[in-house]
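Follow the pockets and the helix contacts of this model in the paragraphs below.

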Amino acid sequence: MNINELHEQFSHYGKNAKEWLRKCALLLPEIEKYQVWKEKGFNSIYEYTFKLASMSKFQVDDALRVLRNINDKPELLKIAKQKGVNAVRAVSSIATKETAPYWAKQAKRMSKNELEMFVRETRMAEEKTKTGSANPLQTELLSHSTNGVFLSFEQTTTEQKNFESLSMNLKPQI
């Protein structure tokens with residue numbers, strides 16, 4: 001077997017491992033609800049998930065928290081099933097039943113990191129609006145798309161230059 005074949009095989013197995021781990025995470029609420037680990041002779045859900053799926057305590061707690069938050073939001077659950085729990089983590093605590101379709105759309109088209117940045121910038125903009133700290137002359141927020149990355153900054157000369165510099169750094173390197 002040559003190096004390229006070995007790499008391809010390893011990459012394929014690694015990709016499949018991630019997919020199965022995501023599927024395991026989606027089963028955790030039911031496993032917790034029915035206490036499957038007790039029926040199968042394990043001391044805790046953490047021992048069960050670690051021995052069967054190599055999931056850490058943090059991964060289990062995080063997945064359960066996110067899935068509890070989106071349990072009543074079918075649009076976000078659908079994205080979690082398609083892309084994994086991590087894809088909706090950033091919006092799981094801020095989405096409401098009314099805003100879930102919007103956040104699901106964003107989660108579907110953005111990467112995890114892009115969505116985290118978008119949520120952070122949205123929260124900052126909302127906080128400035130609530131506190132009235134935004135200067136009315138500089139309040140126009142810039143939403144700029146660079147290969148699916150959406151950022152919002154107050155439109156001042158300095159921040160505009162920073163934004164342009166940042167957007168240049170975000171362009172994919174080929």
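In the lining of the second largest pocket, α1 has the largest share, with four residues. Here a pocket is an open set of points on a 1 Å grid over the protein atoms alone, where a 1.4 Å probe fits, with protein on both sides within 12 Å along at least five of seven lines, and lining residues have an atom within 4 Å of a point. Helices are DSSP runs (H or I, at least four residues), numbered from the N terminus. The second largest pocket is lined by L26, P29, E30, E32, L64, L67, R68, N71, L77 and K81. Two or more of the lining residues come from each of α1, α4 and α5 (74-83). Five are nonpolar, one is polar and four are charged; Ala, Val, Leu, Ile, Met, Phe, Trp, Tyr, Cys and Pro count as nonpolar, Asp, Glu, Lys and Arg as charged, and the others, Gly among them, as polar. The space in this pocket is about 250 Å³, a volume being the space filled by probe spheres set on the points, which are joined across faces, edges and corners.

The model is predicted: local features need pLDDT of at least 70, side-chain atom pairs count only at pLDDT 80 or more, and totals for chains, interfaces and linings use all residues. Residues are numbered from 1 along each chain as its sequence is written, and side-chain values use heavy atoms, with hydrogens and water left out.

The largest pocket holds about 330 Å³ of space. Its lining has 14 residues, and L21, R22, A25, Q59 and N86 are those nearest the centre. At least two lining residues come from each of α1 (3-34) and α4 (57-70). By class, six are nonpolar, three polar and five charged.

Helix α4 also packs against α3 (residues 45-53), at an angle of about 110° and with the axes 9 Å apart; axes are lines fitted to C-alpha atoms over the stretch in contact, and angles run from 0 to 180 degrees between N-to-C directions. α3 is therefore roughly perpendicular to α4 (65 to 115 degrees). In this contact (heavy atoms within 4.5 Å), I45, Y46 and T49 of α3 meet K57, V60, D61 and L64 of α4.

The axes of α5 and α7 (residues 100-109) cross at roughly 20° and come within 8 Å. These two helices are therefore roughly parallel (under 35 degrees). From α5, the contact takes in E75, L76, I79, Q82 and K83, and from α7, A100, P101, W103, A104, A107 and K108. Seven of these residues are nonpolar, one is polar and three are charged.

Note on methods. Angles under 35 degrees count as roughly parallel, over 145 as roughly antiparallel, 65 to 115 as roughly perpendicular and the rest as oblique.
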